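Let's take a look inside a protein and see who sits beside whom. Have the sequence and the 3D view ready as you read.

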Amino acid sequence: MPASPPPSRTPAPVSFVTERLALRPVRAADVPAVTRLWTDPEVRRHLGGPVTEHVVRIRQRRVVGAPGVHAVVRAADGVLLGIVTVEPEARDGETEVSYQFLPEHWGHGYAREAVAVVLDAVLREVPTVVALTQRANRRSRRLLEDVGMEHVSSFVEHEAHQVLYRRHR
């Protein structure tokens, strides 16, 4: 029996590309930056606060190559800026998009650019996409509105006032 070929060393494929960004599966080398997304108080201000160490360890083992989790990297230098996650049937059967970006990359339009390209692609496959944020998170609400999502409901969940946005195909 012939020897099997060595495992491929080619990088994971890029999922989406924009003028400034590449979105691809999370790699092992991304884990320290992604861990900051879960533990940075500024990032987590409207997400229930930093994640516990125990949960971080679990997430670290699961995030590499996880379906629907897209590392957002700057095309010019490969720096990881954040993640955009797509969860099919997450909220009442609808696909949900969520995102987290490192604070030093806020204010440059990267999140808007990444979320817009993901939304456009996902809406070719499903009729609607939803996103959730805290009512107090004005930056996130503005981003969702800028990518064509509409505020459809408000409610209290996780002891905070939440707003649900939706975009149709």
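Predicted model: local features only at pLDDT ≥ 70, side-chain atom pairs only at ≥ 80, totals over all residues.

**Starting at Tyr99**

You'll find Tyr99 in strand β5, which covers residues 94–101. Is Tyr99 buried or exposed? Its relative accessible area is 18%, and buried means under 20%, so Tyr99 counts as buried.

Who does Tyr99 meet in there? Setting aside neighbours within four places in sequence, Tyr99 is in contact with Ile83, Val84, Val115, Ser140, Leu143 and Leu144. Two of these partners come with distances:

| Pair | What is given | Distance |
|---|---|---|
| Tyr99 and Ser140 | polar contact, side chain to side chain | 2.4 Å |
| Tyr99 and Val115 | C-alpha to C-alpha | 7.6 Å |

Along the chain, Tyr99 and Val115 are 16 residues apart.

**Out to the cores**

Val84 has a list of its own: leaving out neighbours within four places in sequence, its contacts include Leu23, Val72, Tyr99, Phe101, Val115 and Val118.

Val84 also turns up in the largest nonpolar core, which has 27 residues. Which members touch the most others? They are Leu23, Val72, Val84, Phe101, Val118 and Met149. Elements that each supply at least two residues of this core include β2 (21–25), β4 (80–91), β5 and α4 (138–146). The top contributor is α3, with eight residues. Apart from this core lies another one of 17 residues, among them Val26, Val34, Leu37 and Val73.

As a general rule, nonpolar side chains tend to be buried together in soluble globular proteins.

Terms used:
Residues numbered from 1 in each chain as written. Heavy atoms only, no water. Helix = DSSP H or I, 4+ residues; strand = E, 2+ residues; numbered from the N terminus. Buried < 20%, exposed > 50% of the residue type's maximum accessible area, 1.4 Å probe, protein only. Contact = heavy atoms within 4.5 Å. Polar contact = N/O pair within 3.5 Å; in protein donor to acceptor, adjacent residues only side chain to side chain. Core = buried A, V, L, I, M, F, W, Y, C linked by side-chain atoms within 4.5 Å.
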